[in-house]
Amino acid sequence: MRKVVYPKVGGVDSIRIVEEEDPVPPKGQVCVRIHRAGINFADLMMRQGLYGSNPDYPFTPGYEAAGEVISLGESVEGISLGQRVLAMTGFGGYSEMVCIDATRVVPLPDSISYDQAAALPVTYGTAYHMLVHLGNLSEGETVLIHHAAGGVGTAVAQICEAYGVSKIIGTASAPKREFVESLGMHFVDSKSEDFVSICKSLTDGKGVHHAIDPVGGKHLMRSYKALRRGGRLYSFGASAAVKGDKRSMVTALRMWASTPRFDPLKMMRSNKAVYGVHMGLLDDESVFKGHLEALSGMLLKGQIDPIIDSVWRFEKVAEAQKHMHDRKNRGKILLDFS
Ligand SMILES: NC(=O)c1ccc[n+]([C@@H]2O[C@H](COP(=O)([O-])OP(=O)(O)OC[C@H]3O[C@@H](n4cnc5c(N)ncnc54)[C@H](OP(=O)(O)O)[C@@H]3O)[C@@H](O)[C@H]2O)c1
């Protein structure tokens, strides 16, 4: 079988595809023949050595994949050969086959496609965790989301609509205006417009209930300022550390140095909250499984449906990641291993 490998820190040209023996599942694991794997912004940061919580190089990235079970290790119960599953791979999902703990696969109903399944966990799971689990998202509230046209951004838009949010303000680069508006968001040009004043003016001067910030650095404080009293800021990314497909330590250090230190006394006086969110480091798997169950239910009811930007053969993984670096994606990018 073949798999994608990051041999060392590098640009997209450092990515390799290697061939190795088909894996055999040890006790408690299953082997999944992967059809689709999701690409996440975090995969790009890992390749650049800017992520901080990935395995040592060389390693195979890929948090999420969908496929069929082709072999079972000893003592595995409740999963059958040929079963279609979502595989929460953690790492290693960019692969034709992967062995993982049976507890990390979720059976898929026939009505959920491999594309939908591979596009769901990270983006929707993160959006749901922030807004619903932590933020108690409620009807009539207002939400600010950055990278509004991306994987998490489009998931946020759909979840907000399902929860009856009254206004979603989405920032993105200029060519994505029409797409962002088509998802029911108020578009803000991330380069040329001031989202703080726009959030205030669209909420009678109060600010938004939820601000979702994957950018980091000094941008975080601006998102905090866009909140109303009692609002919640979610810090869950650091895209400001990334400049193109090669690592720029100057850009990364600038992001780190400009990250604000929030003052708890000021937060207390305005009843604002700041959450740090890293789904890969949640220590209770049952929380995430609960989110997945809720999201599958929403998918089956037609309340959400992942927007797929493009599906690339895995041999083209470098081009697929470059597509994201070049800010061309509208929705989720998937790799095809079928
Ligand atoms: N903490 C967590 O557990 C967690 C989980 C999932 C995602 N995240 C974070 O959420 C963010 C979105 O993730 P995603 O996977 O859904 O990706 P995505 O939003 O689809 O990412 C690509 C988009 O990000 C925007 N962007 C902003 N700065 C960029 C840069 N320096 N280089 C390239 N694109 C940039 C571009 O949109 P524009 O054209 O609009 O600029 C681009 O199209 C990322 O920061 C990611 O790390 C965090």
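How many residues surround the ligand, and which are the closest? In this predicted model, for which local features need pLDDT of at least 70, side-chain atom pairs count only at pLDDT 80 or more, and totals for chains, interfaces and linings use all residues, 22 residues surround the ligand, a residue being near a molecule if one of its heavy atoms lies within 4 Å of it. Residues are numbered from 1 along each chain as its sequence is written, and side-chain values use heavy atoms, with hydrogens and water left out. The closest residues are Ser-173, Lys-176, Val-277, Met-279 and Asn-329.

The shell around the ligand comprises 10 nonpolar, 10 polar and 2 charged residues, where Ala, Val, Leu, Ile, Met, Phe, Trp, Tyr, Cys and Pro count as nonpolar, Asp, Glu, Lys and Arg as charged, and the others, Gly among them, as polar. Polar contacts (pairs of N or O atoms within 3.5 Å) include one between a nitrogen atom of the ligand and a polar backbone atom of Phe-236, at 2.8 Å. An oxygen atom of the ligand lies 2.7 Å from a backbone N or O atom of Met-279, and an oxygen atom of the ligand is 2.8 Å from an N or O atom in the side chain of Arg-327. Of the 920 Å² of accessible area that the ligand has on its own, the protein covers 94%, as computed by the Shrake-Rupley method with a 1.4 Å probe. Helix H3 (121–134), helix H4 (151–162) and helix H11 (317–325) are the elements that give two or more residues to this shell, helices being DSSP runs (H or I, at least four residues) numbered from the N terminus.

The domain assignment of the protein, whose bounds come from an automatic or database source, gives domain 1 (2–119 + 306–336) and domain 2 (122–280). Because both domains give residues to the shell around the ligand, the ligand lies between them. The centres of domain 1 and domain 2, taken over C-alpha atoms, are separated by 27 Å, and the contact (heavy atoms within 4.5 Å) takes 27 residues from domain 1 and 24 residues from domain 2. The area buried between the two domains, that is, the accessible area (1.4 Å probe) lost on putting them together, summed over both, is about 2000 Å², of which carbon and sulfur atoms give 58%. Gln-48, Ile-307 and Arg-330 supply 28% of the area that domain 1 buries against domain 2, more than any other three residues.

Technical notes. A polar contact is a pair of N or O atoms within 3.5 Å; within protein, one must be able to donate a hydrogen and the other to accept it, and residues adjacent in sequence count only if both atoms are side-chain atoms.
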